Amino acid sequence: MQGSSSRVRAVLGPTNTGKTRLAVERLLGHQSGIIGFPLRLLARENYDRMVAAKGPGQVALVTGEEKIMPPGARWFSCTVEAMPLSRDVAFVAVDEVQVAADPDRGHIFTERMLSARGREETLFLGAETIRPLLARLVPEAEIETRPRLSALTHAGPSKLSRLPPRSAIVAFSASDVYAIAELIRRRRGGAAVVMGRLSPRTRNAQVALYQEKEVDFLVATDAIGMGLNMDVDHVAFASLGKFDGHRLRPLAPAELAQIAGRAGRGMRDGSFGTTAAAPPLPDDTVVALESHRFPPLAQLRWRSANLDFSSIGALLGSLAAPPPRRELTRGVDASDLTTLAALSRDADVVRLADSRERVRLLWETCQIPDFRKLEGDAHQRLVARVFGHLVREECIATDWIASEIARLARPEGDIDTLMQRLAGIRIWAFISARSDWVRDAPHWQGQARETEDLLSEALHERLMSRFVDRRSAFLLRRLEHGKGEKLLAAVTRSGEVLVEGQMVGAVGGFLFRPDPHTAGADRRLVQRAARRALYAEMPRRVAALEAAEDRAFTLAGPNLLWEGVPVARAARGTTALRPLVQVLPSEFLDGPARERVRARLQNFLDARIRAELAPLFAAAAAVAEDQELRGPVHLLCEGLGVVPEPNGSGMPGAQRARLGKLGIRAGHFGAFMPALLKPGALRMRGLLWALANGLKESPPLPIPGRVAWQLEESAPAAGPERASFAAAMGWLPAGPIGIRLDVAERVAAELRAGARRTPLPLPAGLAGRLGIKAAMLPVVLRVLGFRLIPQAGGAGPPQPPLLVPLRRRVGQSATRRLATGPFASLSILDLG
C-alpha cells in the first residue's frame, strides 16, 4: 500500500500527550483509513469509540481472533499484525512504533513503518526514543514532539498498606499479581486485576470495576503500559525486573516510563514509586522518568518480507536473510518461524508441501498464534493437523472444530484453568476467522465468541471472588472520600451492626463481635463508627433484658444465656444454694446498667434453682419454726439434698417419720431426698457443688437410670475428690464404683432383715440389682455391712456363700462430731 504523494508524519512524546486521540480524529477525518494498535484490547477499545462516532456499518474490527467486517466499512481498527495492507485507503496510522525494537514482535512494526502508507496521509505514534532511527529510515517523515499534559513525580517507596487510593501496582508474573491482589483484598478491600492473558471482555469488566470506584486499587502486569487509559493517580512497581520469555532482566528506564506514565490523566498530575519487595529506584532513573529523557534506540528489529515459497528450505532461507541496513537487526525467532523450522523435519508435512501454493499455505498456518505457550510440541502438532486438513480436504473438518470448542466451553475451574481455556479458544477464534479455511466461518466465529464470553464472565467472577471484598472496599472508599463526616451506623433487630449499610459485625447480648474480614488499616475507624451505634443500642437492650420473661433465659452449665447468647456466668456465692451472677465484661455497660442486668439474672437463677430443687426448699420452709427438725434439714440444705455421713437408722421413729413426710429419708448410710436423685435435680446439684468447690463447671454425671457408677468416669481426677463428689450427689462409694444411695439403702435393709438371726444365703441376682459384676460383690457387700462366708462342701451341688453382718464401733472423733449434730442421739454406727 503506497502513496507517492502521501504525507508522512510522526507524533512522538511520552504518555498522556493525546497522541492516540489525535490519530483517531485524523483517521475519521479522512474518507477511509486503517489504524494499527499493539494490543487486541486497544483495537477493540478504539473500535467501540469509532462505532460511537460513525455507526457500526462504517467501522471494521480486524484482529487475529476477531473480525467484524461490514460490507461498506471505511474505517478499520486493527492489531498491527492484522492490518489489511492490500486495501487502498486514504489514511494509515501505526501506534506505539517504538515496539519496533522489541525482539519478538519488533520486525512487524518495522515493516509497517517502512512500507505501510495511506493514499493521503500516514501517521506514526510513539516514544521520543525512536526519533533518530525514524528520521534515518523514513526521511520524508515530518516529526513533531508533544509534551506531556501533566507532571509525573517520584513519590518514593511505600508499603502496600500505605499506598494511596487510585493506585496501580505493577508486577511481572501471575503469581506476584495474585499474591499482591490477595494482600490488598485483606488490608484494603480488594483490587481489580489486569493481565495480558485476559480476554477483552474480562479486562473491560475488571477495568470497569476500578473506573467505577468499586475498588481503589489495580494490580496489573506491564499490559497497562500500552495505552490503557484509566484514572490512575499513582503507579507503584512491585518489581524492577521481568522474565521476557528468554531471561530475567532489569527493565530499562524507557520501559519503566511507559508504565509509570499511566499515572495522571489529562491535566491531573501523577506519581510513581516502588512497593513490596522492589528496591528504591536509582536517582538517575528517577530523573529520567520525571524529565521523560531516555537514550535513543540503537537498532530496530527486522525480518525479510520478501519470501521465497518455492520450497520449505527456500522459505527458511529467505526468512534468515540479513538486514539491509545497519539500523536494523534480526530479532529472536518468533513462534511462526520456530514452528516452520520444526515442521520442516516432519516427513508428512514435507511431502504435502510440494508446490509454491502449498508452501505459502504452510507458512500461513505457521502464523497461528501460540497463545497457550505449552511445553513440548503441542502447538506444532496442531499446526500440522490444520495444514493436513487444508491440503487433503481444502478445509478444516467441522467435527474437529466443534469438538475442540465444546471441550473448551466449560466455565468451571480456577483462574489459571480458565485463562488456559481462554488461550485455547483464542486459537480457534483465529482459525475460524479464516473464511478460506473453515466452512460456514461466521457460524464458527460466533461459537468461538460465545465460548470466549462464557469463559470471560466466569473468569471475571473468579477474580472478583478471590480479590475483591465489596463490603470492605465500599467502607474504605467511604472513609477515604468522606473524611470529616460521621459514618452512619445502626443495629438491626437480628443484631447485625451496619456501617453505611454494610455489615461490619454483630452484637450478641452485650458484646460486639467484629467481622474478621473488615479490612485492615482502617478497621479501627469502621469499628469506632459501629461502637457509636452500640452505645445507643445498649440501653435498649438492658431494658429489654429486664422486661424479659424467664423463658428468654437459659442456664447452660454455669453460663447464663439471653436469647441463646452468653451474657453472664454463675460463680461461688455465700451458700451452695445461692451462687452469685457475674455479668460478662462489656465496654458498653456502665456500673448501674451492669447491676440492672445482674439483678435480673440473679432473680432468674434463684428461681431456676428453687424450681429444680423444689422439695428441698419446701422442706426448709416447713421446718423454719421447728426446733427438732430445723437442724437436720439445715444440714441437708448445706449438702444440696444429701448428708452422706450420719447414721440415721437409730433416730427415734417419730423423728424419722416426720422427716419422711417432708420427703427426707434418714437412712443407714445418710440422710437424703430421693426426689433430688432424679436427672434434672441431679444436674442442678452437680453444678451447685462445682461452683461451691471453686470448679468452672460440673464434673461428669452418670447416665440417667444407672444404679452403679464407675467413679473414674467423673472429675475431679483425684480419688478422694471423686468419692466426695459421688457421695455428695447421693452415691455410696464402694471401691472403684458408687451405688445409688436409695438402691443401697433398700438392698441393705432387705439383707439386714434376712440375716438378722441366721446367716443368709447370697440371694440370686443380687449383682444385677446392684448393677455390678459378680466379682465386685464382696467389695460392695462389705460397704453395705456384710461379709461372705463360703458354705461347707457336701456331697450335693455347690451351695451359695452366706451373708454375715459386720459390727464395729465408731472412733471417738466421729462419735464426738455426731454428738453435736442433728443425730446426736446416735453414738454407735451399727452396720449389722
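Start by selecting residues 415–432 and 441–467: these are helix 15 and helix 16, and they pack at an angle of about 160° with their axes 9 Å apart. (Axes are lines fitted to C-alpha atoms over the stretch in contact, and angles run from 0 to 180 degrees between N-to-C directions.) Angles over 145 degrees count as roughly antiparallel, so that is what this pair is. Show the side chains where they touch: the contact has 14 nonpolar, 4 polar and 5 charged residues. Here Asp, Glu, Lys and Arg count as charged, Ala, Val, Leu, Ile, Met, Phe, Trp, Tyr, Cys and Pro as nonpolar, and the others, Gly among them, as polar.

A word on what you're viewing: this is a predicted model, where local features need pLDDT of at least 70, side-chain atom pairs count only at pLDDT 80 or more, and totals for chains, interfaces and linings use all residues. Residues are numbered from 1 along each chain as its sequence is written, and side-chain values use heavy atoms, leaving out hydrogens and water.

Next, select 591–612. That's helix 19, with 22 residues, reaching 31 Å from its first C-alpha to its last. At its start, find Asp590: one of its side-chain oxygens comes to within 3.0 Å of the backbone nitrogen of Ala593. Ala593 is also one of the helix's buried residues, which include Phe604 and Ile609; buried means under 20% relative accessible area, exposed over 50%, partly exposed in between (1.4 Å probe, protein chains only).

Last stop: Pro790, in the loop between strand 34 (786–789) and strand 35 (802–805). Buried or exposed, this Pro790? Exposed, with a relative accessible area of 67%. Now pick Leu802, 12 residues from Pro790 along the chain: their C-alpha atoms are separated by 6.1 Å.

Conventions: Helices (H or I, at least four residues) and strands (E, at least two) are DSSP runs, numbered from the N terminus. The expected span of a helix is 1.5 Å times one less than its number of residues. A polar contact is a pair of N or O atoms within 3.5 Å; within protein, one must be able to donate a hydrogen and the other to accept it, and residues adjacent in sequence count only if both atoms are side-chain atoms. Angles under 35 degrees count as roughly parallel, over 145 as roughly antiparallel, 65 to 115 as roughly perpendicular and the rest as oblique.
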